[in-house]
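Please have a look at the sequence and the fold, and then read on.

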Amino acid sequence: MTGTEPLRILVPLDGSWVAESVLDWAKNFAERSGAHLVLFRVDLPLRASVFMATLMGNDRSDDAPGPAKEYMEGLESILCNEGASVSAEVAHAELLDRTVADTRTLLAECIGRVVADRIAQDDIDLAIVASH
C-alpha cells in the first residue's frame, strides 16, 4: 500500500446476523479513515450450506441469504447507498464427502483457510470479523 491508496478492510460474511453485526462498525470505521470495505463470502456447495444452516438452528427460509452472489451484491448496494466505499467478492470452496461428525470441523477449516488466503493477499490491510 502506498500513501495515496485507501486502507482496504476485509469483512468476511456468512449470512448470519452475528457476522453482519460488524457491518455498521466497519462502515463507520471506513468512513472515518477513508478506507474501502471488501465484503467477502465463502460460497459452499449446497449440501454443506444446508447442513450448516440446520446445525446452527436456522430452519427459517426467510433467514437464508440466498445465492451468495446476490446476497453480497445486495449488501454492497445498501452500503454504497449509505455512502460507503465498498466492493463484494465471493470465493468458492470445494469440500470432499465426509461423515456428519467430520463435516462441522471440515467446514470451519475450509472456510477459515479461504478467508486466511484472501487476507494474505497484498491488497488487504485489516480484517474485521465476528465469530460464533
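What follows covers the confidence, the layout, the strand pairing and the packing of this model.

This is a predicted model, in which local features need pLDDT of at least 70 and side-chain atom pairs count only at pLDDT 80 or more, while totals for chains, interfaces and linings use all residues. Residues are numbered from 1 along each chain as its sequence is written, and side-chain values use heavy atoms, with hydrogens and water left out.

Let us start with confidence. The pLDDT is the predictor's confidence in each residue, from 0 to 100. Its mean for the protein is 79, and 70% of the residues reach 70 or more. Where pLDDT is low, the predicted coordinates should not be read in detail.

Now for the layout. The protein has five helices and four strands, in the order β-α-α-β-α-α-β-α-β from the N terminus. These elements are DSSP runs numbered from the N terminus, with helices being H or I of at least four residues and strands E of at least two.

Strand 2 pairs with two other strands, as the table shows. Pairing requires that DSSP finds at least two bridges between the strands.

| Strands | Sense | Bridges | A bridge pair |
|---|---|---|---|
| Strand 1 and strand 2 | parallel | six | V11 and L39 |
| Strand 2 and strand 3 (residues 86-92) | parallel | seven | V42 and A91 |

How much of strand 2 is buried? Seven of its eight residues are, where buried means under 20% relative accessible area, exposed over 50% and partly exposed in between (1.4 Å probe, protein chains only). Across the 132 residues of the protein, 35% count as buried.

Finally, the packing. A nonpolar core is a set of buried Ala, Val, Leu, Ile, Met, Phe, Trp, Tyr and Cys residues joined through side-chain atoms within 4.5 Å. The largest one has 20 residues, and I9, V11, L13, L23, L37, L39 and L79 have the most contacts inside it. Strand 1 (8-13), helix 1 (17-20), helix 2, strand 2 (36-43) and helix 4 (68-81) each supply at least two of its residues, with helix 4 giving the most, four.
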